[in-house]
Each structure stands twice: as C-alpha cells, then as structure tokens.
Amino acid sequence: MDLSIYKKKILIACSMIEDEINAAFDHFGIQGIEIWWQERGHHNDPDKLREVIQSEIRRAEDAVADLIMLGYGLCGNGAVGWHTEKATLVMPRFDDCVNMMLCTGKRDRRNYLKAGHMYLTGGWSKDEGALLDMFESYLAKYGKRKADKLMKMMLNSYTSVTVIDTGCYEMEPVIAYADECAERFRLERCIVPGGNEVMQKLITGHWDEDIIVKKPGSAVTEEEFSFEGESGAE
C-alpha cells in the first residue's frame with residue numbers, strides 16, 4: 001500500500017514496544033507519521049485497554065487522521081470492538097507483542113510462545129509488573145517470607161527467564177536483569193532470536209496477511225486473529 005494516499009497518519013502504540021517502533025522508524029527513515037504513546041500498564045486490564053484506545057481512535061479522527069495504525073495485538077481481547085468512523089484502521093494480526101517479536105518471518109502459526117518461558121525484552125524489563133519490581137513490591141508490603149512464597153506460586157509453571165533478541169535494544173542490561181531474575185527465582189536464563197518484521201510491515205504499508213486492515217465502520221473481531229489448525233502453546 002502506498003501510504004502517500006493518506007493525508008494524515010497516526011500510530012497509537014503501547015510504550016512497551018517503544019524500542020521496536022523507534023528502530024523501525026529509524027531503519028526506514030519514516031517521516032509523516034505521528035506517534036501517540038500509551039501507558040504500558042493498560043495491557044493488564046483488557047476492558048480498560050479497549051476503552052482507552054477506542055477513545056484515542058476517536059481523538060485521532062477528530063484530528064483528521066485518515067489512517068490510524070495501532071501498535072497492539074489482540075491483548076486479551078482488549079482489541080475486540082475497536083473501530084473508526086471515517087479512517088482506515090490497521091494493526092498486527094497477533095495475540096500480543098511477545099508473539100509479534102518471536103515471529104521472525106511471515107506468520108505461520110498463532111502462538112509462538114513456549115510453555116515454561118517467562119519472556120523478557122527491553123520494554124518488559126522496565127515495566128512496573130516485571131519480576132524484580134514485583135518482588136520488591138511484595139517484599140515491602142509483606143516481608144521476605146511471604147514475598148518468596150508469592151513469587152514461587154506465581155512462577156510455579158515457569159522454568160526459564162527468556163530474553164528475546166529483537167535487535168532493537170541494548171542486550172547487556174536486559175541479560176543482566178534476566179540473570180538476576182534467574183538467580184533469585186531459581187530459573188534458567190535463555191536467549192532466543194526475535195524480529196521486528198511485523199512492526200516494519202505495519203508502518204511501511206507492506207500489509208500482507210500479518211496485518212489486519214479495517215474499513216471505516218467495521219469493528220475488530222477476535223476471529224480475525226485465529227490461525228487455521230493452530231491453538232494452544234507449544
């Protein structure tokens with residue numbers, strides 16, 4: 001798609017993937033797309049996310065945007081119902097940003113997450129809900145014994161803290177963070193290759209089957225994120 005046909009383009013994006021979006025803009029020298037960053041914590045509450053982003057979509061249309069890009073996935077069904085009145089709406093066809101980053105080519109399954117892995121990126125290591133911050137919060141509130149117990153319960157099904165190398169952020173501090181998590185919570189530390197192709201497709205107009213394109217008045221549905229023959233974690 002030739003994006004020059006659109007007079008005003010706005011990208012509404014979660015700050016959790018700020019590294020990846022900025023890297024894509026820098027790589028292609030993108031200009032002429034406004035970025036409206038959103039608080040990262042909204043992904044924890046899909047209903048709140050749905051409300052906040054729909055409000056931002058309306059605000060973007062009030063700003064006369066005729067192309068609205070969303071730096072979000074399905075996000076626990078928070079995306080269901082998003083729609084425009086006049087603008088074209090586009091977003092990645094992925095359940096969440098972790099699946100986007102683990103996809104290094106064309107989407108060939110729905111779920112790229114592996115059971116037992118707690119995934120980590122530059123953005124996720126800075127999140128208030130990241131492991132070390134969560135532990136410190138529990139520690140201050142309940143003391144060490146209960147904090148250890150709560151973290152053990154939460155991480156019961158995990159065996160590894162896994163860093164996704166998207167090539168969009170400095171790896172050393174994130175690896176150091178993962179190492180500290182692994183040592184404190186008795187987990188392995190792994191590094192897996194990732195990619196930024198999905199975000200690149202979104203912002204450059206290379207909209208293949210990995211990108212959902214919605215016409216004005218047509219709402220996002222959960223079914224649009226499905227992948228035939230694929231369900232559940234690997």
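## R145 and its helix

R145 sits in helix α6, where helices are DSSP runs of H or I with at least four residues, strands are E runs of at least two, and both are numbered from the N terminus. R145 counts as exposed because its relative accessible area is 77% (exposed is over 50%, buried is under 20%, partly exposed is in between, with a 1.4 Å probe and protein chains only).

This is a predicted model, so local features need pLDDT of at least 70 and side-chain atom pairs count only at pLDDT 80 or more, while totals for chains, interfaces and linings use all residues. Residues are numbered from 1 along each chain as its sequence is written, and side-chain values use heavy atoms, leaving out hydrogens and water.

## A positive patch

Which residues form a positive surface patch? They are K141, R145, K146 and K149. Patch residues have over 30% relative accessible area and no salt bridge, and like charges are joined within 9 Å; a salt bridge puts a Lys or Arg side-chain nitrogen within 4 Å of an Asp or Glu carboxyl oxygen. Helix α6 (residues 144-154) gives the patch its largest share, three residues.

## Helix α8

Now for a mostly covered helix: in α8 (residues 197-204), six of the eight residues are buried. Those six are V198, M199, K201, L202, I203 and T204.

## The whole protein

Overall, the protein has eight helices and eight strands, and 48% of its 234 residues are buried. Its C-alpha atoms fill a box of roughly 60 × 35 × 35 Å along the principal axes.

Definitions and conventions:
Patches are made of residues with over 30% relative accessible area and no salt bridge: like charges are joined within 9 Å, nonpolar side chains (Val, Leu, Ile, Met, Phe, Trp, Tyr) within 5 Å. Accessible areas come from the Shrake-Rupley method with a 1.4 Å probe; for residues, only the protein chains shown count as cover. Lys and Arg count as positive and Asp and Glu as negative; His and the chain ends are not counted. The place of a charge is taken as NZ of Lys, CZ of Arg, CG of Asp or CD of Glu.
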